[in-house]
Amino acid sequence: MAKYIREDRQPWIYCPGCSIGIATGMVARAIDNLGIDFSKIVIVSGIGCTGRTSGYFKTGTYHTTHGRAIAFAEGVKIANPALEVIVISGDGDIAAIGGNHLIHACRRNVDITVVCVNNEIYGMTGGQFGPTTEHTKYSQTSPPPLGNIEWPFNLVKLAASSGATFVARWTAVHARRATKSIEKGIAKKGFSFIEIVGACPTSYGRMNRLGNGVTMHKHLLEVAEIQNGLPPHEAELVYEKRIVCGEFVDIEKPEYTEVLAEKQRRARGE
Ligand SMILES: Cc1ncc(C[n+]2csc(CCOP(=O)(O)OP(=O)(O)O)c2C)c(N)n1
């Protein structure tokens, strides 16, 4: 992957056993498999461990403010629709502080691809609970005995009900299938959302006694259930018991930048 990844930036900042390096590899392979002109790819991320991913790519990248990756990505795409814009960021970035950008980008149907690494926690800042942390789970801000008193978002349901035209979920151990979905997401003319359920042994695993990175990744494989085409509202995610994976939405809708260009042509009387 040396053509795509800045080897001079290695080793990754990611902790041992973290899934984010795998997700980065998925995106690089998806780009390679599609054979797209790499100089036309823009990688955008927010702040967080996953947010550091953009800096590893040898193309135009934006390491933006926390929660605003999708907003920046929409701006890039609208300014230059010839570019392929890919967002890679964490669940906190995409669905908590950036949650509003996510739902409105789905609704607008701007042609960008969002790869969200869901490690169930705010990894970079030391393991606070976030929008995907499950009820009763422990974190630095939801310690024992009570654990998290909130309930998590199911990101597949959120993206699908907000209007995304392509929605998939895989875990970090489904590298080939996830790469295929990322390829489809990039090729799709519309808003694509791909969730990668990952392991954060350092923050989430330690607090919830889930073992090291190897154990956590084995667990992801054990509880994953592949159900392509399932209605998205049935795509359950219960980290310890059942992670429904697959491609759940693939629909056609007018794409924002194309509609905008058409309106601009008409306004000019063309
Ligand atoms: C406006 C703003 N608020 C809060 C922060 C602190 N902060 C940095 S990373 C982060 C959470 C990252 O969690 P997530 O997006 O899930 O990514 P991960 O680190 O788990 O990959 C937070 C709250 C910040 N940098 N900027």
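The shell around the ligand comprises six nonpolar, eight polar and two charged residues, where Ala, Val, Leu, Ile, Met, Phe, Trp, Tyr, Cys and Pro count as nonpolar, Asp, Glu, Lys and Arg as charged, and the others, Gly among them, as polar. The model is a predicted one, in which local features need pLDDT of at least 70 and side-chain atom pairs count only at pLDDT 80 or more, while totals for chains, interfaces and linings use all residues. Residues are numbered from 1 along each chain as its sequence is written, and side-chain values use heavy atoms, with hydrogens and water left out.

Of the 16 residues around the ligand, Cys49, Thr50, Gly92, Asp93 and Gly123 come nearest; a residue is near the molecule if one of its heavy atoms lies within 4 Å of it. Helix H3 gives the most to this shell, with four residues; helices are DSSP runs (H or I, at least four residues) numbered from the N terminus. Polar contacts are pairs of N or O atoms within 3.5 Å. In the side chain of Thr50, an N or O atom is 2.6 Å from an oxygen atom of the ligand. Gly92 places a backbone N or O atom 2.8 Å from a ligand oxygen atom, and for a polar side-chain atom of Asn119 the distance to an oxygen atom of the ligand is 2.9 Å.

A pocket is an open set of points on a 1 Å grid over the protein atoms alone, where a 1.4 Å probe fits, with protein on both sides within 12 Å along at least five of seven lines; lining residues have an atom within 4 Å of a point. The largest pocket holds about 190 Å³ of space, a volume being the space filled by probe spheres set on the points. Its lining numbers 15 residues, with Ile47, Gly48, His66, Tyr122 and Gly123 closest to the centre. Helix H3 (residues 91-97) contributes the most to this lining, with three residues. Five nonpolar, eight polar and two charged residues make up the lining.

The second largest pocket contains about 150 Å³ of space. Among its 13 lining residues, Cys15, Cys18, Cys49, Gly123 and Cys200 lie nearest the centre. Helix H7 (residues 201-208) supplies the largest share, three residues. Nine residues of this lining are nonpolar, four are polar and none is charged.

Notes. Helices (H or I, at least four residues) and strands (E, at least two) are DSSP runs, numbered from the N terminus. A polar contact is a pair of N or O atoms within 3.5 Å; within protein, one must be able to donate a hydrogen and the other to accept it, and residues adjacent in sequence count only if both atoms are side-chain atoms.
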